[in-house]
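Q: I have a structure open and want to talk it through. Can you take me around it?

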Amino acid sequence: MDATFFFDPVCPWTWRTSRWLVAVAEARGLRVQWRAFSLAILNDGQVPPEFAEATAASGRALRLVEALRAQGRHDDAGRFYTELGTRSHDAGDPLGEKVVAAAVDAAGVTDAAAALDDERWDAAVHESHALAYGSAGPDIGSPVLMVPDAGRGIHGPIITEVPGTDDALTIWDSMLPLMRLETFHELKRARR
């Protein structure tokens, strides 16, 4: 893989970053591996009641992402996440059971849908989350990006709007060498 993207589908910032990465991958012919990162795990299961349904739906979706990854179906996992985000973040519907079911159908992954309710996939979600957290953490969240030949992953990049292709490539081309430098630690500015 040319990039591994760890994500929680409930996060709108992560959604924007994923659309940036999809544009970069298309323009540069990169292969993306989609992996689970759980904000519920990160927060030790402490979820405000108003986010309980979305968090539960996200957990189910991440099981499917890891099941697809285990089968080498990276493009299917990416398509599933695209359908989730389009239905939730782009359409403004909260992530929930109906959105997950519609995304499964639209992505054409009904053959793997049993993973949604199979708690045995929770271990794979935990392992994926631990890999991302160990690579880029502590003090991080979703998303985490890893690339080959980089000793550590990064949290982000966090973007406020999905850039056009030229700007997307500028971000990628600027970030990639920094990621591969062991001495590079962080760039950050406050969100507006």
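**A buried histidine and its surroundings**

Q: Where is the place of His74?
A: His74 sits in helix H4. Keep in mind that this is a predicted model.

Q: Is His74 buried or exposed?
A: His74 is buried. Its relative accessible area is 14%, and buried means under 20%.

Q: Leaving aside neighbours within four places in sequence, which residues is His74 in contact with?
A: With that limit, His74 is in contact with Met1, Val32, Gln33, Trp34 and Arg69.

Q: Let's follow Gln33. Which strand does Gln33 lie in?
A: Gln33 belongs to strand S2, residues 32-36.

Q: Buried or exposed, that Gln33?
A: Gln33 is buried, at a relative accessible area of 16%.

Q: And which residues does Gln33 contact, leaving aside neighbours within four places in sequence?
A: Met1, Ala3, Thr4, Phe5, Arg69 and His74 are in contact with Gln33.

Q: What does the side chain of Gln33 make with the side chain of Thr4?
A: A polar contact, at 3.5 Å.

Q: Back to helices. At what angle do H4 and H5 pack?
A: The angle is about 135°. H4 covers residues 74-90 and H5 covers residues 97-107. Their axes are 8 Å apart. That angle makes H4 oblique to H5.

Q: Is the crossing of H4 and H5 left-handed or right-handed?
A: H4 passes H5 in a right-handed crossing.

Q: Which residues meet there?
A: From H4 come Arg79, Phe80, Glu83, Leu84, Arg87 and Ser88. From H5 come Val99, Val100, Ala102, Ala103, Val104, Ala106 and Ala107. By class, this contact of H4 with H5 has nine nonpolar residues, one polar and three charged.

Q: What about H3 with H5? What angle is that?
A: H3 and H5 pack at about 25°, and their axes are 9 Å apart. That makes H3 roughly parallel to H5.

Q: Which residues of H3 meet H5?
A: Glu53, Ala57, Arg60 and Leu64 are the H3 residues. They meet Glu97, Val100 and Val104 in H5. The contact of H3 with H5 counts four nonpolar residues, no polar ones and three charged.

Q: Now H3 and H6. How many Å apart are their axes?
A: The axes of H3 (residues 52-70) and H6 (residues 122-136) are 9 Å apart. The helices pack at an angle of about 85°. That makes H3 roughly perpendicular to H6.

Q: Which residues make that contact?
A: Leu62, Arg63 and Glu66 in H3 meet Asp122, Ala124, Val125 and Ser128 in H6. By class, the contact of H3 with H6 has three nonpolar residues, one polar and three charged.

Q: Change of topic: where is the place of Asp118?
A: Asp118 is in the loop between H5 and H6.

Q: What joins the side chains of Asp118 and Arg120?
A: A polar contact of 2.7 Å joins them.

Q: Last one. How many residues apart in sequence are Asp118 and Arg180?
A: They are 62 residues apart in sequence. In space, Asp118 and Arg180 are 37 Å apart, C-alpha to C-alpha.

Terms used:
Residues are numbered from 1 along each chain as its sequence is written. This is a predicted model: local features need pLDDT of at least 70, side-chain atom pairs count only at pLDDT 80 or more; totals for chains, interfaces and linings use all residues. Side-chain values use heavy atoms; hydrogens and water are left out. Axes are lines fitted to C-alpha atoms, for helices over the stretch in contact, and angles run from 0 to 180 degrees between N-to-C directions. Helices (H or I, at least four residues) and strands (E, at least two) are DSSP runs, numbered from the N terminus. Angles under 35 degrees count as roughly parallel, over 145 as roughly antiparallel, 65 to 115 as roughly perpendicular and the rest as oblique. A crossing is left-handed if the near helix is turned anticlockwise from the far one by less than a right angle, and right-handed if clockwise. Contact means heavy atoms within 4.5 Å. Ala, Val, Leu, Ile, Met, Phe, Trp, Tyr, Cys and Pro count as nonpolar, Asp, Glu, Lys and Arg as charged, and the others, Gly among them, as polar. Buried means under 20% relative accessible area, exposed over 50%, partly exposed in between (1.4 Å probe, protein chains only). A polar contact is a pair of N or O atoms within 3.5 Å; within protein, one must be able to donate a hydrogen and the other to accept it, and residues adjacent in sequence count only if both atoms are side-chain atoms.
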